[in-house]
Amino acid sequence: MEIYIVVTCNFAYTTTILFLIFLSILIYYLVIKSQNYTKSKYKLPPGSMGWPFIGQTLQLYSHDPNTFFSTKQKRYGEIFKTHILGCPCVMLGSPEAAKFVLVTHSHLFKPTYPKSKEKLIGPSALFFHHGEYHSSLRKLVQSSLASPYNLQKRVADVEALAISTLHSWLTAQDQLVNTFHHLKKYSFDVGILSIFGHLDSNYKDQLKENYSIVNKGYNSFPNNVPGTTYQKALMARKRLKQILSEIMLEREEKKIADKDLLGHLLNFKDGKGKALTRDQISDNIIGVLFAAQDTTASVLTWILKYLHDDQKLLQAVKAEQMVIYQENDEGKKPLTWKQTRSMPLTHKVILESLRMASIISFTFREAVTDVEYNGYIIPKGWKVMPLFRNIHHNPQFFPDPQNFDPSRFEVPPKSNTFMPFGNGVHSCPGNELAKLEMLVFIHHLVTQYRWEVVGSQSGIQYGPFPVPQNGLPARFWKESNNFIQDFFPPN
Ligand code: HEM
């Protein structure tokens, strides 16, 4: 009897599964193919959609994503369709196509993120929006983060953070430091500085603790089961909102119109004179912290690796920075804004690292209507992905692309071929701050420290941005005084 039930159940189960598979294949072909037939004038881009529903998600996520993109590009050309994470999408590997989506026809494409991620950052954050709300808020964020006046004011504080970060590495056990992990602390502190100016250390610690839980949950499987990483992140998100409310209340009570990002957000009025709600302000603060931390820390980690791997280049960067160090009385005087503007080789090292590492390999948008591009149709609701990394690694625009060569930036890259900070209406408003943060850090690193990478020297980890394997564990030492004499021998 028991056996009979099991067999019957198994039979029913198998039939149901087969029926569901058949139904999904049918729906898939009806939906995808019908779009091909109804758009008679234009055709869908070439490419394979893979299996029903799962599409090519496994191929993309089980391999190095660069291999996935370049194999497709070789086979189908610079625009091809595929099916990722349950969504049909079109990938774009040419500068013209990226410009079309991000700049000239950006009104036809809106930003798109999974709801689970939107919930963690906050639905009112700048990068989820499109249109009026986005453009007025963006102006405010841009003027607060990127105006030369505000950047100049930040140099001394950023420098203090760089000095204390590096100093703390000397006291690490065996001087062994997980570079990426520690640089995340630095980039978080710079983010806090640009949002709040000088913030009470108690608030800072609370924000740091809760934000790191949110950050961990961002790439975890989204579910609300208590104890899971995602659910813990949602709880931490609630606490962050509470802490931010307290900070805002204190600011309002003090009635001081601070010139930092929080001050700008609190004073903001839209065209109809309406202020932002507390929730909108919190979402945008968390959004900026999110955009600022892992990005800058990943790029700086790569810079340390590239310089370590090319000792000749490192010596040349040291020579450039030692001139400034000597000018500043061996680091006794603070760096000036003007000095940060005259570090040509270091600046080129940063640009080449941004190209080489291309930590934001691509971005996502969604077509808000059927869009025609170059004889193809991109149907409404489909995702589009401009592939920054592919463009940055295309030998047509960057000869010998796997070779780390800062001198290639002696000539400006062709337009729309270099987009480490994106392009168009959603391009990064923190780009100048990020560069300043990196320049100041490199100045102190190369003039006063030596480092040696420990363990594996190759390999990339995706978390989600690419970083050197295990976050680049390294040992750091303070340079001896003899080192200064190597650069400036006494007469
Ligand atoms: C090396 C470091 C950084 C890199 C490589 C980077 C890269 C990018 C890219 C590629 C985008 C555009 C994404 C898209 O089009 O979908 C972006 C947007 C953004 N970034 Fe950055 N970023 C960096 C640092 C920063 C910093 C330090 C801040 C703030 C302090 C920041 C704030 C933002 C914000 C708020 C946006 C959204 C802009 C919008 O939607 O209008 N970023 N970033």
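Okay, ground rules. Residues are numbered from 1 along each chain as its sequence is written. As this is a prediction, local features need pLDDT of at least 70 and side-chain atom pairs count only at 80 or more, while totals for chains, interfaces and linings use all residues.

So, the ligand. It has 27 residues around it, and the closest are Ala291, Thr363, Gly422, Cys428 and Gly430; to qualify, a C-beta atom, placed from the backbone, has to lie within 6 Å. Helices H6 (132-146), H8 (179-196), H12 (278-309) and H17 (431-448) each give two or more residues to that shell, and H12 has the largest share, with 7. Helices here are DSSP runs, H or I, of at least four residues, numbered from the N terminus.

Now Cys428. The UniProt entry, which is unreviewed, annotates this residue as "binding site", though such annotations may be inferred rather than shown by experiment. Cys428 lies in the loop between H16 (388-392) and H17. Buried or exposed? Cys428 is buried, because 21 C-beta neighbours fall inside 10 Å; the cut-off for buried is 20 or more. Beyond four places in sequence, Cys428 contacts Phe421 and Gly422, contact being C-beta atoms within 7 Å.

On the H13 side the contact includes Leu314 and Tyr325, and on the H17 side Ile442 and Val446.

Terms used. Buried ≥ 20, exposed ≤ 12 C-beta atoms within 10 Å, placed from the backbone. Contact = placed C-beta atoms within 7 Å.
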